[in-house]
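Please walk through this model with me, from its aromatic side chains to its sheet and the loops that join the strands.

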Amino acid sequence: MNDFPGLNRRQAASLLTVPLLGATLAGCATPPRPATPDVAASTWSGRLSLTVDQEPPQSFFASFLLKGTPRQGTLDLYSPLGSTVAQVRWSPTEAIAQQGKMAREYPSLDDLIIDLTGANVPVPALFDWLAGRNTSVPGWQPDLSRQPEGRISARRLQPLPTARLQVVLDQNPA
């Protein structure tokens, strides 16, 4: 159940997953990325889309700034006009989702993601995928064939419903 005050699951999911941009991303030109960033001190920015194949289909889009590691970091999400939609912060002991003055605390990033999206996005693997490492996660099929161009995608086949994640990175991290 979504416990984020004032938001239904669809709205709450858009905070995180706005992250994940189908046809819109396909038309974006992104120059080749320079060297792969070190996961220990990572910063990435770009655009994300997540499409969940359910009835009706759910699609979420956002620009993002991701800093940190799977253990500790921040994820800022922005609307198409550049205003901050939400900020997610996490550490080994807690995770916090904040939208404006509203904040919700969770014991872990996994708990936060599950509550907001209804599904667990593999955050440690996502950091690896962004860095060009093809980390295997049960139920997910990453495609890193265009990672040198700053594009990654992953498809969740299990558990249902299936989902598609797409990321287009900016040429120079923020």
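A residue is called buried when its relative accessible area is under 20%, exposed when it is over 50%, and partly exposed in between, with a 1.4 Å probe and protein chains only. This is a predicted model, in which local features need pLDDT of at least 70 and side-chain atom pairs count only at pLDDT 80 or more, while totals for chains, interfaces and linings use all residues. Residues are numbered from 1 along each chain as its sequence is written, and side-chain values use heavy atoms, with hydrogens and water left out.

By the cut-off for burial, Phe127 is buried, because its relative accessible area is 1%, and Trp90 also counts as buried, at 7% relative accessibility. A pair of aromatic rings is described by the distance of the centres and the angle of the planes. Rings of Phe, Tyr and Trp (for Trp, the six-membered ring) pair if their centres lie within 6.5 Å, and planes under 30 degrees apart count as stacked, over 60 as edge-to-face and the rest as tilted. The structure holds three aromatic pairs. In one of them, the ring centres of Trp90 and Phe127 are 6.5 Å apart and the planes stand at 75°, so this pair is edge-to-face. The pair links distant parts of the chain, with Trp90 in strand S4 (residues 84–90) and Phe127 in helix H4 (residues 123–130), 37 residues apart; here helices (H or I, at least four residues) and strands (E, at least two) are DSSP runs, numbered from the N terminus. Together with Trp44, the residues Trp90 and Phe127 form one aromatic cluster.

Trp129 and Trp140 form an aromatic pair that is tilted, with 6.1 Å from centre to centre and 50° between the planes. Trp129 lies in helix H4 and Trp140 in strand S7 (residues 140–143), so this pair ties together parts that are eleven residues apart in sequence. Both Trp129 and Trp140 are buried. Helix H4 as a whole is largely enclosed by the rest of the structure, because seven of its eight residues are buried, among them Val123, Leu126 and Asp128. Just after H4, Gly132 takes a positive phi of about 90°.

How many residues does the largest nonpolar core have? A nonpolar core is a set of buried Ala, Val, Leu, Ile, Met, Phe, Trp, Tyr and Cys residues joined through side-chain atoms within 4.5 Å, and the largest one here has 35 residues, with Phe64 and Trp129 having the most contacts inside it. The largest share of this core, six residues, comes from H4. Counting contact as heavy atoms within 4.5 Å, and leaving aside neighbours within four places in sequence, Phe64 is in contact with residues including Trp44, Leu48, Leu75, Tyr78 and Val168.

The strands can be followed next. Two strands pair if DSSP finds at least two bridges between them, and an open sheet of nine strands has the order S6-S5-S4-S3-S2-S1-S9-S8-S7, with antiparallel pairing. Its edge strands are strand S6 (102–106) and S7, each of which pairs on one side only. Strand S1 (residues 42–52) and S2 pair in the antiparallel sense over eleven bridges, and Thr43 has Lys67 in S2 as its bridge partner. S1 also pairs with S9 in the antiparallel sense, over seven bridges, with Ser49 standing opposite Gln166 in S9. S9 is mostly covered, since five of its seven residues are buried. S8 and S9 pair in the antiparallel sense over six bridges, where Arg155 has Arg164 in S9 as its bridge partner, and a hairpin joins S8 to S9 through six residues.

Which peptide bonds are cis? Most residues other than glycine have a negative phi, and most peptide bonds are trans. The bond from Glu55 to Pro56 is cis, with omega near -10°, and Pro56 has its place in the loop between S1 and S2. A cis peptide bond also joins Leu160 and Pro161, with omega about 0°, and Pro161 lies in the loop between strand S8 (151–156) and strand S9 (163–169).
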